[in-house]
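Below are a few points on this model, set down in numbered form for discussion.

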Amino acid sequence: MIVLVAALLLLGVVLGAVVQIPLPLSLVLAAAIGCWLLIFAVRERTGAQRRSR
């Protein structure tokens, strides 16, 4: 859960700075955060499935 909070906090910082950085860099950072959140979601789902068995 703390990882998700950190990811959202980082996303907020990046979105706040997006006005001051070039668009390609913004897109790279957004993709990196999106991948991080996707990996987190997959790990959480597989962990929940293991616990339920």
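1. Trp36 sits in helix 2 (helices are DSSP runs of H or I, at least four residues, numbered from the N terminus). The model is predicted: local features need pLDDT of at least 70, side-chain atom pairs count only at pLDDT 80 or more, and totals for chains, interfaces and linings use all residues. Residues are numbered from 1 along each chain as its sequence is written, and side-chain values use heavy atoms, with hydrogens and water left out.

2. Trp36 is partly exposed, because its relative accessibility is 34% (buried means under 20% relative accessible area, exposed over 50%, partly exposed in between, with a 1.4 Å probe and protein chains only).

3. Neighbours within four places in sequence aside, Trp36 contacts Val3, Ala6, Ala7 and Leu10 (contact means heavy atoms within 4.5 Å). Between Trp36 and Leu11 the C-alpha to C-alpha distance is 11 Å, with 25 residues separating them in sequence.

4. Trp36 also belongs to a nonpolar surface patch of about 600 Å², together with Met1, Ile2, Val3, Val5 and Leu10. Patch residues have over 30% relative accessible area and no salt bridge, and nonpolar side chains (Val, Leu, Ile, Met, Phe, Trp, Tyr) are joined within 5 Å. A salt bridge is a side-chain nitrogen of Lys or Arg within 4 Å of a carboxyl oxygen of Asp or Glu; areas are Shrake-Rupley values with a 1.4 Å probe. Helix 1 (residues 2-17) supplies the largest share of the patch, four residues.

5. Residues up to four places away in sequence not counted, Ser26 touches Val18 and Ile21.

Note on methods: Patches are made of residues with over 30% relative accessible area and no salt bridge: like charges are joined within 9 Å, nonpolar side chains (Val, Leu, Ile, Met, Phe, Trp, Tyr) within 5 Å. Helices (H or I, at least four residues) and strands (E, at least two) are DSSP runs, numbered from the N terminus.
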